[in-house]
Amino acid sequence: MAASFAAAQEGSRPAGDAAVPLPASSAELAAAPRPPAPQLARRVNAWGNARYAHDDGDRTRAETVGTAPQGTGRGQRFHVIDRAQGDAQLAYAFSPERGRLYRASLKLRADRPARVEVMLRREGPPYDPYALATVQVGSQWQQVQLEGRPISEGGSSLRIAPLETGVDVWIDDVRVEPGPPQDFRPVLEQPFAPEMFGLHLMRLGMHMNWPQFDPGLVRLWDTRTMWKDLQPEPHRWDFSNTGFRRLDLYVDHIRKHSPATRILYVLGQTPQWASSAPQSHSPYGEGHAAPPRDLEDWRDYVRTLARRYAGRITHWELWNEPDYRIFYLGSVETMVEMARIAHEELKAADPRNTIVSPGLTASQGLRWLDRFLAAGGGRYVDVIGFHWYYSFHPEGLAAFIDNVRGVMRAHGVDHKPLWNTEGALGFPAKDQDGVPVHPTLAQQRGLTLRALLTMWSRGVSGFAYYFWEGRLPGEKMLTNDFKHYTESGRAYLRAAGWLKDARMVDGYRTPQGVHVVRMERGARTFRFLWSAAEPVTVRLPEAWQARRIARLDGSTGEISTDQLVVVTGAPVLIE
């Protein structure tokens, strides 16, 4: 596929007249028939010597069922006797289509009040859920519904996991129904926000450059300005030490070049002297991933920074990737208490301060977010933060984002903004055959714009690219001397200019894999086109009255009267 992308010039007029006619809008795409409901194979999944009872105590029973009969009144009994350093779950396995919405419903009751976790989860490693809910059940039947999109190929299962042992949980009327496939119709109605064009700057001091566009957001992470750097000694603040000098360097540099840019400071990591596990390992040194032993030390840290940088640092992320144990060893409940304290101190110092939830990873973050919100964490944050990286198919981000928004909706916080506070173009150094991976110029130019359009279409309104100076081809936006832009950097600069203050008003994907996004800025209407697979020759609709094409390499041209265009993996602007 890489060779094909390289062979076709982005947006060039094709030879011949064979072309795919594009629909003028998403409304012209006929609704595809939905597949039938999948067959469900019921079984118990137990590990770690866990003991359980199922039905009449038969530990090995597994059968294939379709839709369970309604109103049986009894259902299937499931009873976890002893977890024994493992667990047991009742699973209904099925084969889904990647990216398609699946809606699960079932009825639950228990012989006494109990919490039950219900999830849609992939069957292979890392066994992560893509939809989940924790419900309190009692003696009366309770209807439970959830929906999510599988994020990978392979099997899935609907799982019922009692969180208390020794409780009879009854399950009845289990259904899994397919919904519509993934689409590109936008969630957000407002213009692209400045925060959508953010960066990590990590090499200040080695250079003192500033992007040619003003990033709406700069996230301070891996800048040697963490709590451990700012307060290496107990109960003492030295604002002239190396950590504070570096933090002041960043704040002053950003404010000098762009007073409107939001600075997002990431709270943590704990100094060893304050750590509740001072000998524990983390990538940044011993003890730093554990929460503080005394939360008053945390309060003092947050208060000190909030007051010192009031009006200059306005956005605060509570922690970096706490669902990943190398960054956080504490409980969700402890993080909720830390969020409460941070909220008190940050809002007291400046009511305009914006608090971002802990930034979570794509693989494990959904479950962590569910527990954080269930424990009351949502009331202390203004923005939900996640970390999504992307590779050669950035449109795959859509399912991840929809699933997070589903958890937010279940906990009543779907009105809060959702940000990707750390993400970038990333890919393995070698493919599965051991051949080095080299992104083509079209991929280096186009993949980040495709990610931006995908994220915005699904409701992400803030993004901080990791990172401007970069490490790998395609990822890095500056050359090694920090003086010139790479192909990715030039494309990001151009994409930001195209998108800022524009509204996404429609989006769709054709059966041939061509993506179309319609934008408006004032009275101006323009569109982005790209192909997620091989280059495709398309015929533009007459209703568009398209006259001009612009490419991410900086070239422009006129569209001829036959309205034929070749689209590749690098989006082109049509107007």
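Two strands pair if DSSP finds at least two bridges between them. Strands here are DSSP runs of E of at least two residues, and helices are runs of H or I of at least four, both numbered from the N terminus. This is a predicted model: local features need pLDDT of at least 70, side-chain atom pairs count only at pLDDT 80 or more, and totals for chains, interfaces and linings use all residues. Residues are numbered from 1 along each chain as its sequence is written, and side-chain values use heavy atoms, without hydrogens and water.

Start with strand 13 (residues 198–199). It runs parallel to strand 14 (residues 217–220), and two bridges join them. Leu199 has Val218 of strand 14 as its bridge partner.

Helices pack on the sheet. Helix 6 (residues 365–374) touches strand 18 and strand 19 (384–387). Its direction makes about 165° with that of strand 19; axes are lines fitted to C-alpha atoms, for helices over the stretch in contact, and angles run from 0 to 180 degrees between N-to-C directions. Helix 8 (residues 441–458) packs on the sheet too, touching strand 20 (418–423) and strand 21 (460–465). Its direction makes about 150° with that of strand 21.

Now turn to Asp402, in helix 7 (residues 397–410). Asp402 counts as buried because its relative accessibility is 11%, and buried means under 20% relative accessible area (1.4 Å probe, protein chains only). Beyond its neighbours within four places in sequence, Asp402 is in contact (heavy atoms within 4.5 Å) with Arg149, Gln182 and Arg458.

Technical notes
Buried < 20%, exposed > 50% of the residue type's maximum accessible area, 1.4 Å probe, protein only.
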